Every structure is written in C-alpha cells, then in structure tokens.
Amino acid sequence: MTGDRWPDHILQLVPNAIHVHHASRFPESRCSGKQSRAEVAKFAADRGLRSVVLTPHVGNPDPGMPRRVAEDSELGMALTVYARSERQTLYDVMLYDGLEDNILQDGALCATASTLADADYVIASFHGTVPETVAYLEERLITIGQNPYVDLIGHPQRYMERMDGIDWEKIFIRLRIDGKAAEANVNAWHNYGPNKLIRKGQLTEAAEAAEFQRAFYAAMGRSGIPVVVSLDIHEYGMWPSGQPEADWMPTVAQLESYLQMLIDEGITEKQISNHSVEEYIAKRRSRLAASTA
C-alpha cells in the first residue's frame with residue numbers, strides 16, 4: 001500500500017478506471033496520452049484500482065474536422081491490430097483495450113464497424129466542430145445512442161456555450177432505453193469547467209458554468225441512466241493524488257468532492273456503474289458475437 005491509495009469509500013464507487021489515455025501513437029492522432037501501458041497499470045495499482053479501460057483517441061487528423069477512417073489506411077490497419085490485441089494484466093491490474101471515437105456531423109463514428117466490434121469498450125465523444133443548433137445536437141446524440149457498438153457517451157456537456165436549452169433529461173432517458181451509459185467526467189469539471197474559470201479569476205462565469213453542469217448532472221440523476229465516473233487521464237500527474245503536479249491536476253480531495261456533488265444532484269450510488277466493468281465487457285462481447293452469428 002502506498003500513500004497514493006484512494007480511500008476505501010472512493011474505491012467502492014470507482015474501483016475501475018474508465019477513459020484513460022496512453023501512448024498509443026496511432027497515425028494521424030494529435031492527442032495521444034503520455035503514459036505507457038505499464039505506467040498506467042502502475043499508477044492504477046498504487047491507487048487500489050482493479051482494472052483500467054484504455055481509450056485512445058481514434059485519429060483526429062485535422063483539428064475540428066474528424067473524418068471516417070478507411071479500413072485499408074495506415075490508421076485503419078493500426079486500429080484493427082490494437083482492437084484485436086490480447087488483454088493484458090500488469091501489476092495485478094487488468095488493462096482493457098477500448099477506444100474513444102468522434103461523433104461526426106451525421107451522428108456516425110470514424111472507426112469501421114469491425115474495429116468498434118473488436119474493441120473492449122467504445123466511448124463516443126464530441127470533438128472539434130459541433131453544430132450550432134440545439135436540435136442538431138440532440139439529433140446527433142439520439143443517433144449515436146442507436147449505434148450498437150457504443151457503450152458510453154463521453155463528456156457530452158463539454159461545449160457548454162452550444163448546449164443552452166438542450167433537454168438533457170429527455171436525451172438521457174432515450175440513451176438509457178438504448179442501453180447506453182453517460183459520462184460524469186472529472187476532467188471536464190476540473191480542467192475545462194468551473195474550476196478552470198475560478199483559477200482564471202472569472203468568478204461570475206464560474207458560477208454560471210457550475211449552475212449549468214449541476215443542472216446537467218441533476219437531469220442525469222432523474223433519468224436513471226447508468227453513470228460512468230471517468231478521469232479522462234492523458235498525463236502522469238492527472239491521476240488524483242495527495243499532491244498533484246500542477247494546479248490543474250485534481251487531488252483525491254477534489255475527486256471526493258466531485259463524487260459528493262454527483263450524489264447531491266441526485267445521482268445514486270447504484271447508478272454509478274464503474275464497479276461492473278468486467279461483467280459489462282463480458283456481456284458486450286457475447287451480445288456482439290450473437291448479433292453477427
């Protein structure tokens with residue numbers, strides 16, 4: 001046991017880390033993580049976690065303009081090899097090979113269906129250009145919810161200035177019916193949301209952002225959708241610890257505060273589904289195998 005181990009009450013809610021980036025080095029990817037697989041496993045083991053779902057970004061070659069990946073392209077072949085690789089246990093931590101893909105303008109994803117089927121877990125996230133209208137955003141979320149390979153909708157509130165007026169409860173209920181989970185993203189709150197604005201001295205804007213995100217989480221709670229608490233880690237120091245490497249790196253206390261905020265807004269401990277990762281991935285594989293048999 002080390003000083004970085006998380007308290008038991010946190011590990012009971014978040015025993016498995018989902019949405020972690022490592023140095024995958026896919027061709028055309030501009031946002032690869034900085035940790036090796038072994039380093040990810042060691043950081044996770046030190047904190048008492050059982051498993052990590054690695055979710056490297058599917059290549060995003062032109063900022064703001066993600067596009068479909070051809071199966072026979074260099075990136076397509078690299079994704080195929082990755083998605084078909086054997087699972088690995090390091091430092092007694094299971095590493096699952098998932099992907100974070102981009103939601104395109106028509107609600108599709110970049111990677112091929114075969115790659116998405118072979119991956120252990122798929123997060124669908126907004127990156128780059130996002131449509132201006134609320135109706136178009138809602139349509140994209142509903143469309144991606146019908147994709148059989150998608151497991152989790154990643155940081156859907158990230159583009160807050162575009163999201164004013166969206167009916168989150170309606171969207172979350174629809175996604176729940178389609179068997180999807182919604183992400184409660186610590187990084188989106190701490191590094192892109194209210195805490196970032198507080199650090200910049202923009203207190204009025206920070207209060208507005210906090211109100212928006214709290215309403216977002218309250219809608220999540222009312223909908224009953226499964227919730228995945230994710231760290232969205234890209235760098236070494238982003239693993240919450242007692243002494244972060246920089247001000248924008250969250251501490252364990254801030255993770256604990258974030259979890260309490262989720263519960264205060266009506267997300268129940270039963271809704272938080274990080275504890276069932278192994279079971280979920282096994283069922284995912286069986287479901288997809290049966291659908292193609």
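The second largest pocket is lined by 13 residues, and Tyr121, Ala181, Pro226, Ser273 and Tyr280 are the ones nearest its centre. A pocket here is an open set of points on a 1 Å grid over the protein atoms alone, with protein on both sides within 12 Å along at least five of seven lines, and a lining residue has an atom within 4 Å of a point. This pocket holds about 190 Å³ of space, where a volume is the space filled by probe spheres set on the points, and points are joined across faces, edges and corners. By class the lining divides into 7 nonpolar, 3 polar and 3 charged residues. Nonpolar covers Ala, Val, Leu, Ile, Met, Phe, Trp, Tyr, Cys and Pro; charged covers Asp, Glu, Lys and Arg; the others, Gly among them, are polar.

Some ground rules. The model is predicted, so local features need pLDDT of at least 70 and side-chain atom pairs count only at pLDDT 80 or more, while totals for chains, interfaces and linings use all residues. Residues are numbered from 1 along each chain as its sequence is written, and side-chain values use heavy atoms, with hydrogens and water left out.

Rolling a probe the size of a water molecule over the atoms shows where empty space is left. A cavity is a set of grid points where a 1.4 Å probe fits but cannot get out. The count comes to 1 cavity of 30 Å³ or more, and the largest cavity has a volume of about 30 Å³. Its lining consists of Val186, Asn187, Asn191, Leu231, Met238, Pro240 and Pro250. That makes 5 nonpolar, 2 polar and no charged residues.

Now the strands. Helices (H or I, at least four residues) and strands (E, at least two) are DSSP runs, numbered from the N terminus. Buried means under 20% relative accessible area, exposed means over 50%, and partly exposed is in between, with a 1.4 Å probe and protein chains only. In a regular strand the side chains alternate between the two faces of the sheet. In strand 9 (residues 227-230), Val227 and Val229 point one way, Val228 and Ser230 point the other way, and all are buried. Strand 9 runs parallel to strand 8 (residues 181-185), and 4 bridges join them; two strands pair if DSSP finds at least two bridges between them. Asparagine 185 is opposite serine 230 of strand 9.

Strand 6 (residues 122-125) has Val122 and Ala124 pointing one way and Ile123 and Ser125 the other, and all are buried. Strand 5 (residues 99-102) pairs with strand 6 in the parallel sense over 4 bridges. Serine 125 in strand 6 is the bridge partner of asparagine 102.

On to the helices. Which residues of helix 6 (residues 168-177) are buried? They are Trp168, Ile171, Phe172 and Leu175. These residues lie on the same side of helix 6, because they cover an arc of only 95° around the axis, taken from the directions from the helix axis to the C-beta atoms. An α-helix has 3.6 residues a turn, so residues three or four places apart point the same way. The buried residues of helix 6 pack against helix 5 (134-145), strand 7 (152-154), strand 8 and helix 9 (203-223), contact meaning heavy atoms within 4.5 Å. Glycine 179 follows helix 6 and has a positive phi, near 85°.

In helix 2 (residues 37-46), the buried residues are Val40, Ala41, Ala44 and Asp46. They pack against strand 1, strand 2, strand 3 (88-90) and strand 4 (93-97). Leaving aside neighbours within four places in sequence, alanine 38 is in contact with Leu90 and Tyr91. The C-alpha atoms of alanine 38 and threonine 89 are separated by 9.4 Å, with the two residues 51 apart along the chain.

Last, some single residues. Histidine 19 sits in strand 1 (residues 16-20) and is buried, with a relative accessible area of 0%. Its phi is near 75°, a positive value in a residue other than glycine. Aspartate 232, in the loop between strand 9 and helix 10 (252-264), has a positive phi near 50°. At 6% relative accessibility, aspartate 232 is buried.

Threonine 55 lies in the loop between strand 2 (51-54) and helix 3 (74-83). Is threonine 55 buried or exposed? Buried, at 0% relative accessibility. Its contacts beyond four places in sequence are His19, Val20, His21, Gly98, Leu99, Glu100 and Ile123.
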